[in-house]
Amino acid sequence: MHAYGQRDLPCARCGTPIVRESFMNRSSYSCPVCQRPPRSR
Ligand SMILES: [Zn+2]
């Protein structure tokens, strides 16, 4: 299962549908649940 679109992808960790976020003219896919906040270790 390699041929898979890059949209509506379920997160591999929680299974949440990945959302596309537009940031600085760039669009990146990230999980709203697993998305880690900046500077958080
Ligand atoms: Zn997730």
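Me: How do I read the accessibility of Asn25: buried or exposed?

Reply: Start with the cut-offs. Buried means under 20% relative accessible area, exposed means over 50%, and partly exposed is in between (1.4 Å probe, protein chains only). Asn25 has 86% relative accessibility, so Asn25 counts as exposed. One caution on the source: this is a predicted model, where local features need pLDDT of at least 70 and side-chain atom pairs count only at pLDDT 80 or more, while totals for chains, interfaces and linings use all residues. Residues are numbered from 1 along each chain as its sequence is written, and side-chain values use heavy atoms, with hydrogens and water left out.

Me: Where does Asn25 lie?

Reply: Secondary structure comes from DSSP runs, numbered from the N terminus: helices are H or I with at least four residues, strands are E with at least two. Asn25 lies in the loop between E1 and E2.

Me: How many helices and strands does the protein have?

Reply: The protein has zero helices and two strands. Strands pair if DSSP finds at least two bridges between them. Here five bridges join E1 (residues 19-23) to E2 (residues 26-30). The two strands run antiparallel. Phe23 stands opposite Arg26 in E2. Val19 stands opposite Ser30 in E2.

Me: How many residues of E1 are buried?

Reply: Zero of its five, so E1 is hardly covered. Take Val19, which lies in strand E1. Val19 has a relative accessible area of 33%, so Val19 is partly exposed.

Me: Which residues does Val19 touch?

Reply: A contact means heavy atoms within 4.5 Å. Leaving out residues up to four places away in sequence, Val19 touches Ser28, Tyr29, Ser30 and Pro32. Val19 and Tyr29 are ten residues apart in sequence, and their C-alpha atoms are 5.6 Å apart in space.

Me: Which residues coordinate the zinc ion?

Reply: Donors are N, O and S atoms within 2.8 Å of the metal (3.2 Å for Na, K and Ca); water is not among the atoms, so sites may look incomplete. The zinc ion is coordinated by the SG atoms of Cys11, Cys14, Cys31 and Cys34, at 2.2 to 2.3 Å. Along the sequence the donor residues follow C-x2-C-x16-C-x2-C.

Me: What arrangement do the four donor atoms make around the zinc ion?

Reply: Four donors are tetrahedral if all angles lie between 85 and 135 degrees; four count as square planar and six as octahedral if opposite donors are over 155 degrees apart and all others between 65 and 115; anything else is irregular. Around the zinc ion the angles run from 98 to 117°, so the arrangement is tetrahedral.

Me: How many disulfides does the structure hold?

Reply: A disulfide is a pair of cysteine sulfur atoms within 2.5 Å. The structure holds zero.

Me: What surrounds Cys11?

Reply: Cys11 sits in the segment before E1. Not counting residues up to four places away in sequence, Cys11 touches Thr16, Ile18, Cys31 and Cys34. The C-alpha atoms of Cys11 and Ser30 are separated by 8.4 Å, although 19 residues apart along the chain. Ile18 also lies in the segment before E1. Ile18 counts as buried because its relative accessibility is 18%.
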